[in-house]
Amino acid sequence: MPQLGESVTEGTIHRWLVAPGDLVKRYQPIAEVITDKVNAEIPCPVAGRIISLDVPEGSTVPVGTRIATILTEEEAAHAGSAPAGPSAPAEAVAETAPAETGSAGAAVASAGAASAGTAAPGSGGTATAVIAPPPRTAGGRYSPAVVRLAQEHGVDLSRVHGTGLGGRITRKDVEAYIEAQRASASAPPAQAVAPAAAAASAPAPEPPSAPVTGVPFAAPAPAGYPVRSGPGDRVIPVDPVRRRIANKMVQSKHEAPHAWTMMRVDVTDLVRLREQVNPEFRRQHGLSLSYMPFFIKAVVESLKEYPILNSQWAGDHIVVKQEINISIAVATEEALAVPVIKNADRLSIAGLNLAVADLVARARAGKLTVDDVSGGTFTVNNTGAFGSFLSAPIINYPQAAILSFEAITKTPVVLENDAIAIRSIMNICLSLDHRILDGLVCARFLQAVKRRLESYGPGNVSLY
Amino acid sequence: MAVMNLVEAIRETLRAEMRRDPDVWIVGEDVGKKGGVFGATLGLYDEFGPERVQDSPLAESAIGGVGIGAALYGTKPVCEIQFADFIFPAMNQIVSEAAKMRYRSNGAWSVPMVIRAPFGGGVHGGLYHSQSVEQYFTNTAGLKVVVPATPYDAKGLLTAAIRDPDPVLFFEHKGLYRAVKGEVPEEDYVIPIGRAEVKRDGTDITVISYGKTLHFCLQAADLLEKEGYSALVLDLRTLLPLDKEEIVAAARKTGKVLIVHEASKTHGIGAEVAAIIAEECLFDLDAPIQRLCGPDVPAMPYADPMEKFYMLSTEKCLAAMRQLAQF
């Protein structure tokens, strides 16, 4: 399983595009893989023949896991030139291929090469082409008892502490882990209490802090909180994408202490501007000019003013990102995608408009690449598009903040001269990671966004 | 209840069975007036007379052959081979005749014979008085092979062997004859052949042994306990047929198995036990199955340091058990 983007630790084989025995070209897609919110095709790293598919469709495996075994063309050639004769390449392939790692197959291959006298130099060590480096030998080998227990109890062995020789995970380690899980599952559910307390009195004191960090994210069914389906209920299986979203949201809510703030923005002039230029813009570009590029423009310029909002928490330090890559939340019927506009500060309003339209279209078509969804440093969310007036978004972890733009509504407001006027008003809502950010800087940032949005009007903003 | 050593338990069992059943009799070298070189038949000549406790010529083939003939005639001979090392002249009688009699006669005939033989090293016996011969017989279907490790087991198993309708080889480790003592009930009891016994329960590792090395393992288990590891020690007691159920249950319990015997390693009992475990409970195993056995050299050395090198010991068992526990 290749590393498909930063902080991606595992991938799900959605669909195999090849079958054992198939000849594959280099870079030919061999599988569709689902990682964080995208479908990606895995290109074949070498040309050759597929010997085996080692991970079934629907399985989720860690990065670095061998997912397929390929006999390279060179090896096939060498195997074919072995004494068995040219008519027997297939058999020779079949015999050498199942060798677990290079050793056995390599011996055959290089022996064949030596007798044929046509060896490509250095080809001996590649008897089986493994798509990813094999897992670490020490940490990746488990006794039969350990594997069985892990499978029977759904234990993720990477979470088990090994006490055996060289840190080996022993059967007793797994048994102890299962026992501990069982004990913690049957303990009073501290988390279930917390929301109730918070709801009862808004500034609730810290709930008795249960150690939640060890809890697996979005666990299948939290113990002590049984969900039963009755007759007529519809049960929807959690697919990998839904699971990813759930895990990501839980992780963000667990790890980043969210604070929230909102400001009201008068976008009357922006609305007028858009109404004025949109017909002509659409004629030129075949594409409507939306509000999003203006929102993004206001955000990136304000981020330059307050770069701390364009940062990430890293435990003992904070990383302030140089690039301004804006993640945009795109809702589809089934799920949520968050593609990224790279270096959004370098794009014009028209450029941003095109970038947004492109990403939205590809997100809805399920055609986003891994690159499209990685590298974001700040997220904007156009919740107003669904008519939302107010929202409290969850931070796109590990970013520091997320800003939502709410519905623009005509509202009677009191102007500075105490006159009452009908204006186009929009709320902007910011959720922030309070480990990194405090209220003051966020208020200043929001003020900066507000100031920019309110300044956009007919004749004073360049679209290009 | 009387406390006896191993050889006393065997002698009293012979006496009890001869009193109980007039068909039981003894044949062997120096078993009569002398009472055997280890004293296993001491006093039996005086009690039962020369017809039931017979001295044989120095010919093990004759002891085996006479035993088979007498058994076929309807008596229950208990043959003594003075040292197990000398059993090989009787190999043909034991393997080709005694073991196959029931099979070849389609069940019409059987050989209710016991052959007792002291075996094992560590007593400065040198090449001809130290061998562990049990593995020559354990791949011969038709035989039963028994090795007691305690006086209590010796009585119950020898009683079972004498009453068994088929040939039983009863190997007694000469290093245990007077070294191990235990309570032996005076009343009649039988320990079924083919049953292993957990001599010590434990949770971290499983040690499987028999004979003298079983005691090394038990002592090592006590020492290992002080280091925080708990060892289960299983006494096979019968080598043929092996008690598969107990072996697999003991292996399952901890998932880490060490097999210990004085007989040589290659093609040994340990290999068979390991194979059973691998076949029956691979998915309970948490470590490679280990064997600690006598070395594959032709014979027990006579020189004291060399004999110590050859022989297993509590220390050697402890080291192997510790290593497995830590794995």
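**Note on the predicted model: sheet, helices and chain contact**

1. In this predicted model, Ala421(A) of β18(A) is the bridge partner of Val413(A). Strand β17 (residues 401-414) of chain A and strand β18 (residues 420-433) of chain A run antiparallel and are joined by 12 bridges.

2. Both strands belong to an open sheet of 6 strands in chain A, with mixed pairing and the order β9-β18-β17-β16-β12-β15. The edges are formed by β9 (258-266) and β15 (340-341) of chain A; each has a single partner strand, so one side of each has no neighbour in the sheet.

3. Helix α10(A) packs on this sheet, where it touches β12 (326-328), β15, β16 (378-381) and β17 of chain A. The direction of α10(A) makes about 150 degrees with that of β16(A). Helix α13 (residues 439-455) of chain A also packs on the sheet, touching β9 and β18 of chain A, and its direction makes about 25 degrees with that of β9(A).

4. Helix α10(A) is mostly covered, with 11 of its 14 residues buried. Among them are Phe294(A), Phe295(A), Lys297(A) and Ser302(A). At 1.5 Å a residue, the 14 residues of α10 (residues 292-305) of chain A should span 20 Å, which agrees with the 20 Å between its end C-alpha atoms.

5. In chain B, helix α3 (residues 60-73) and helix α4 (residues 91-98) pack at an angle of about 30 degrees, their axes 7 Å apart; α3(B) is therefore roughly parallel to α4(B). Ser61(B), Gly64(B), Gly65(B) and Ile68(B) of α3(B) make the contact with Gln93(B), Ile94(B), Glu97(B) and Ala98(B) of α4(B). By class, this contact has 3 nonpolar, 4 polar and 1 charged residues.

6. Between the chains, 9 residues of chain B are in contact with 10 residues of chain A. The side of chain B that touches chain A has 5 nonpolar, 2 polar and 2 charged residues.

Terms used. Residues are numbered from 1 along each chain as its sequence is written. Chains are lettered from A and ligands numbered from 1 in the order in which they are written. This is a predicted model: local features need pLDDT of at least 70, side-chain atom pairs count only at pLDDT 80 or more; totals for chains, interfaces and linings use all residues. Helices (H or I, at least four residues) and strands (E, at least two) are DSSP runs, numbered from the N terminus. The expected span of a helix is 1.5 Å times one less than its number of residues. A residue is buried if 20 or more other C-beta atoms lie within 10 Å of its own, exposed if 12 or fewer, and partly exposed in between; C-beta atoms are placed from the backbone. Two residues are in contact if their C-beta atoms, placed from the backbone, lie within 7 Å. Ala, Val, Leu, Ile, Met, Phe, Trp, Tyr, Cys and Pro count as nonpolar, Asp, Glu, Lys and Arg as charged, and the others, Gly among them, as polar. Axes are lines fitted to C-alpha atoms, for helices over the stretch in contact, and angles run from 0 to 180 degrees between N-to-C directions. Angles under 35 degrees count as roughly parallel, over 145 as roughly antiparallel, 65 to 115 as roughly perpendicular and the rest as oblique. Two strands pair if DSSP finds at least two bridges between them.
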